[in-house]
There are 2 protein chains.
Amino acid sequence: MAGGSGTRFWPRSREGRSKQFLAIFDKKSLLQTTVSRFSSFIDVNRIFIVAKADQVETIIPHVRKVSKEQLIYEPTGKNTAPCIGLAVVHIYHRDKEAIVAVTPSDHLIKKGSLFRKTMEAAFQLAAKKDGLITIGIPPNRPATGYGYIQVDAEIDVINGVHAFGVRTFAEKPNLATAERFLKSGDFYWNSGIFVFKASVFLKTLEEHLPDLYDGLGKISEAIGKPEYDEVLQKVYSQIHAISIDYGVLEKAKNVYVVKGSFEWSDLGSWEQVYKLSPKDGAGNVMVGDALAVDSRNSYVHSSDGVVALLGLDDVIVVQENGATLVCKRDRAEDVKKVVNHLKKNQYHRYL
Amino acid sequence: MAGGSGTRFWPRSREGRSKQFLAIFDKKSLLQTTVSRFSSFIDVNRIFIVAKADQVETIIPHVRKVSKEQLIYEPTGKNTAPCIGLAVVHIYHRDKEAIVAVTPSDHLIKKGSLFRKTMEAAFQLAAKKDGLITIGIPPNRPATGYGYIQVDAEIDVINGVHAFGVRTFAEKPNLATAERFLKSGDFYWNSGIFVFKASVFLKTLEEHLPDLYDGLGKISEAIGKPEYDEVLQKVYSQIHAISIDYGVLEKAKNVYVVKGSFEWSDLGSWEQVYKLSPKDGAGNVMVGDALAVDSRNSYVHSSDGVVALLGLDDVIVVQENGATLVCKRDRAEDVKKVVNHLKKNQYHRYL
């Protein structure tokens, strides 16, 4: 899934250039890194990318290894259930036996070998069980920005990877609840990575989101035919936007959790990027032409020129393409407020 | 005097583009504003500008009203005594009776009518007395960045402007001393603005800096002759760099102070610029495309793009031509440290 848009990484993310297209930790964009992560153990001919129609120009340079036939475009964004549904319909059209892994393309995952081991276990479980498998991450802090899944009894151990039933899903909690979740030991972060048989997914969709299922059926019939674009447009103009979590996973009975022990973050803010970056002796992260004088525990990213920090601690400075954000670290979640002010103050050219 | 160089206003001031060439409070540079301030009551044909030879390209666009014959160039900087001496020699060559006012070109002066009244009184006093007159500013705070003059008995009142003898000169004091100066009521800031008869200045120079006087005599003889440049170069290679305060004023007996009641600042740092700028309701000064969200008492100058401040108080952000300074307000005096770091880290292109 590479169709996301967003402003949390302004000024690096702009209209038409959202997080998945940014190179944050190295020279590869998060999308490129996601493709590489999978192509190390999945044939690149079986990697499909769903994006929005208006992202076609942006996306091509990031996914040169993936053929154009494997790029699937949504006319507009309708949240994750239609997005995943559309991809699954295309995959199922090619291979009725396919087992599908679904992943966001703008997350950070470290320890690739653990990731591969987890995914291979999830594929094996999906082959055995007619279920929807979600990768759950044991929390290491009381994060309030993630959804949680409470696991039930262990159902399997595959190559040392543990799998569980699901007791309940929980929306993003407040801090007290998140602390309780962390303490309990049976609440995992919902990573947004899923594995299932295409056929099982479609059957589950038929049960819980029958309108979407019907629409996807029409699209499926049109694949490879001249009317495909017209049918896609028409179906998308009518279907409801709904998330896979709310629309399917929280209702279905056949959901399982595979425990992922790799390092994972959804990279929700510059503060998270700071926390996940290697730091110098003063606790600073300096990217590009940047220097810190008598300044500590700060993140500075300079794309085009030099940024010099003097006598300031705990700040985030990000400079790119004529725009500079200067922000207290504990306010990084509020970058949206800046974007809203830019809109209000006729600074649309910087969005 | 427009030959100054310096880095206190980095990143706006750069090598070859020092403070006098910056437009800080409006669209005119400080140099242009200084010329305008005087040309409102002094014929522009009698305004002379001393700069360094390598500033000739930079200075011309700022002083279009002043003819090229009135631009005087020093081969290198030798502090204020040679600079003023060179200008006086040129003026004296044209007019043996000239009364000369000397002024820095990178200071802030508000209340132009009070300034004019003060200067006219100083001209009158200089016509009456064979002395060196300095404009002293009654302090309104215990500034540690200025030199002070302790005044003696009042010697004259001209159009309501008070003139005094001088008891002593004091270098930049520490805070305790500055507070004592402020309390005493007879210590004034040394503004660096002087008025004297050209003939009296040269006589005083002969007494206190005879080597400089001799060198200037050689230059004077060469004015208008083919060998002028050669003589100027030779004299400048031999004379000592020395300030007018240390070399002449502190030694001379014929020094007087005229009290200036206009608003004055030498603009020594971005912090002073912040303090002297009109502020919005949140205490912010926003210049160019700049916005502040949940931020107070800050100065933001953006020359080329937008700067957005989020959740930070008491900071200075200055962005120009590919360089950005982000600085705690109480550290604005240390911009030099940033410049030194830039040098050390091979960032010469940003100096």
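Close-up 1. A:S269 is buried, because its relative accessible area is 2% (buried means under 20% relative accessible area, exposed over 50% and partly exposed in between, with a 1.4 Å probe and protein chains only). The model is predicted: local features need pLDDT of at least 70, side-chain atom pairs count only at pLDDT 80 or more, and totals for chains, interfaces and linings use all residues. Residues are numbered from 1 along each chain as its sequence is written, chains are lettered from A and ligands numbered from 1 in the order in which they are written, and side-chain values use heavy atoms, with hydrogens and water left out. A:S269 sits in the loop between β10 (263–265) and α10 (270–276) of chain A. Helices (H or I, at least four residues) and strands (E, at least two) are DSSP runs, numbered from the N terminus. Setting aside neighbours within four places in sequence, A:S269 contacts A:F9, A:A332 and A:E333. Contact means heavy atoms within 4.5 Å.

**Close-up 2. A:Y228 in helix α8 of chain A**. This helix spans residues 228–238. A:Y228 has a relative accessible area of 15% and is therefore buried. Beyond its neighbours within four places in sequence, A:Y228 is in contact with A:L86, A:H90, A:I219, A:A222 and A:I223. A:K218 is 10 residues away from A:Y228 in sequence, and their C-alpha atoms are 9.2 Å apart.

**Close-up 3. B:P173 in a loop of chain B**. The loop runs between β7 (161–170) and α5 (175–184). B:P173 counts as buried, because its relative accessibility is 10%. Residues up to four places away in sequence are not counted here: B:P173 touches B:A143, B:T144, B:Y146, B:Y148, B:A178 and B:F181. B:Y146 is 27 residues from B:P173 in sequence but 7.7 Å away in space, C-alpha to C-alpha.

**Close-up 4. Helix α1 of chain B, mostly covered**.

**Close-up 5. Helices α6 and α7 of chain B**. Helix α6 (residues 198–208) and helix α7 (residues 210–222) have axes that come within 5 Å and cross at roughly 130 degrees. Axes are lines fitted to C-alpha atoms, for helices over the stretch in contact, and angles run from 0 to 180 degrees between N-to-C directions. α6(B) and α7(B) are therefore oblique to each other. Angles under 35 degrees count as roughly parallel, over 145 as roughly antiparallel, 65 to 115 as roughly perpendicular and the rest as oblique. From α6(B), the residues B:L202, B:L205, B:E206, B:E207 and B:H208 meet B:P210, B:L212, B:Y213 and B:L216 of α7(B). By class, this contact has 6 nonpolar, 1 polar and 2 charged residues. Ala, Val, Leu, Ile, Met, Phe, Trp, Tyr, Cys and Pro count as nonpolar, Asp, Glu, Lys and Arg as charged, and the others, Gly among them, as polar.

**Close-up 6. Aromatic pairs.** The structure holds 28 aromatic pairs over all chains. In one of them, the ring centres of B:F196 and B:F201 are 4.6 Å apart and the planes lie at 20 degrees, so the pair is stacked. Rings of Phe, Tyr and Trp (its six-membered ring) pair if their centres lie within 6.5 Å; planes under 30 degrees apart count as stacked, over 60 as edge-to-face and the rest as tilted. B:F196 and B:F201 are both buried. In chain A, ring pairs link A:F38, A:F41, A:F115 and A:F262 into a cluster.

**Close-up 7. Lysines over tyrosine rings**. A:K251 lies over the face of A:Y246, 5.5 Å from the ring centre. In chain B, the charged end of B:K279 sits over the ring of B:Y274, at 4.8 Å from its centre. A charge sits over a ring if NZ of Lys or CZ of Arg is within 6 Å of the ring centre and within 35 degrees of the ring normal.

**Close-up 8. Backbone details.** The peptide bond from A:W10 to A:P11 is cis, with omega near 5 degrees. A:P11 lies in the segment before α1 (30–39) of chain A. The bond from B:W10 to B:P11 is also cis, with omega near 5 degrees. B:N321 is not a glycine, yet has a positive phi of about 45 degrees. B:N321 lies in the loop between β13 (315–320) and β14 (323–328) of chain B, and counts as exposed because its relative accessibility is 55%.
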